[in-house]
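Here's a quick briefing for anyone opening this structure for the first time. Have a look at the model, then read on.

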Amino acid sequence: MKAFDFNLLPLLEVLLEEQSVTATAERLHLSQSAVSKQLNKLRESFDDQLFERTAHGLRPTPKAKQLGPEIRQILSQVSSLTRPSDFEPSKSHRRFRLELVETAYSLTYPRFMPKLLKQAPKITIDSQTWHNESMERLLRCDTDLGIACREWDERSLQHVNNLPSALRYVELTRDISLCLVREGHPLLNEEWNLNTFLKYRHLQVTFGGISHWLLDDVLQIKHLKRDIAVNLTDFNSAMQLCEQSDLILCSPAKYAKEMMGQYKLVSLPAPTQMVPGTYLLLWHKHYDLDPSHRWLRELIIDSVQEQG
């Protein structure tokens with residue numbers, strides 16, 4: 001490309017995020033006609049339409065999707081060059097992107113956000129629940145931080161040591177699994193053991209982009225498996241269903257403790273020995289020396305770890 005205008009890259013990044021000329025114009029404080037003119041220049045430079053108009057806004061072409069991660073990395077590197085070496089939280093307007101598993105919200109946000117709002121009242125946190133593409137987004141530096149569940153048990157396919165080498169991590173807190181059943185469930189009149197656990201049907205929550213958990217790995221080694229009647233993707237709905245049925249629900253203990261008061265449920269220990277799992281704070285090594293990123297990491301780590 002000859003005489004490419006690199007000032008157009010931030011506009012393309014926002015267009016990819018908003019997929020709307022109107023929203024892009026509002027976010028960049030430009031007129032819609034100015035955005036349209038710059039988009040035409042981008043189309044000429046890349047020899048591609050980049051976006052197609054649909055009833056629901058702009059749809060990125062395959063070329064635009066391919067350019068997205070590369071553009072974000074370039075802009076991130078440029079930003080790191082111009083970012084001051086000293087970070088003053090009280091003056092910062094930085095916007096951070098976090099992706100975390102559903103069960104981590106109640107264990108983290110009430111602990112670090114009050115301090116963040118006091119120290120850095122102008123900072124913005126954009127949150128998204130962890131999903132199948134979250135790990136790739138961390139690796140592409142599309143997300144600043146992630147909070148995910150991983151295992152220390154050597155039998156698990158989701159062991160901490162299997163994380164990509166480009167990611168850094170700090171352990172926030174460890175947790176165990178427990179079983180939830182409704183009040184009056186018939187198994188409460190039986191001896192609680194693995195046989196009783198497997199006798200009844202189960203309700204499983206697949207969250208955090210993982211559908212196979214340590215308990216299933218352990219059972220598979222013993223040539224056993226649960227009879228799963230329902231798969232859901234959120235714990236609130238699962239607990240409501242558990243309360244109204246004879247299904248058994250397995251849940252992280254700390255999250256269950258936070259939620260138990262809202263439902264008529266009884267907790268039971270896991271029916272087999274397992275090493276406690278962990279919640280990890282994850283980030284790309286690209287951010288290691290970023291002072292504002294380091295400030296947020298340390299704030300989250302200190303706030304969560306001090307409460308266990």
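When it comes to lining the largest pocket, α4 gives the most, with nine residues. Bear in mind that this is a predicted model, where local features need pLDDT of at least 70, side-chain atom pairs count only at pLDDT 80 or more, and totals for chains, interfaces and linings use all residues. Residues are numbered from 1 along each chain as its sequence is written, and side-chain values use heavy atoms, leaving out hydrogens and water.

**The largest pocket**
- About 1200 Å³ of space lies in this pocket (a volume is the space filled by probe spheres set on grid points joined across faces, edges and corners).
- A pocket here is an open set of points on a 1 Å grid over the protein atoms alone, where a 1.4 Å probe fits, with protein on both sides within 12 Å along at least five of seven lines; lining residues have an atom within 4 Å of a point.
- Of its 40 lining residues, Glu13, Glu17, Arg27, Arg97 and Asp142 lie nearest the centre.
- α1 (9-18), α4 (62-82) and β3 (95-100) are among the elements that each supply at least two lining residues (helices are DSSP runs of H or I, at least four residues, and strands runs of E, at least two, numbered from the N terminus).

**The sheet**
- Five strands make an open, mixed sheet in the order β4-β3-β5-β12-β6 (two strands pair if DSSP finds at least two bridges between them).
- β4 (124-129) and β6 (167-175) are the edge strands, each pairing on one side only.
- β6 and β12 (277-284) run antiparallel, joined by eight bridges.
- Val170 has Leu281 in β12 as its bridge partner.
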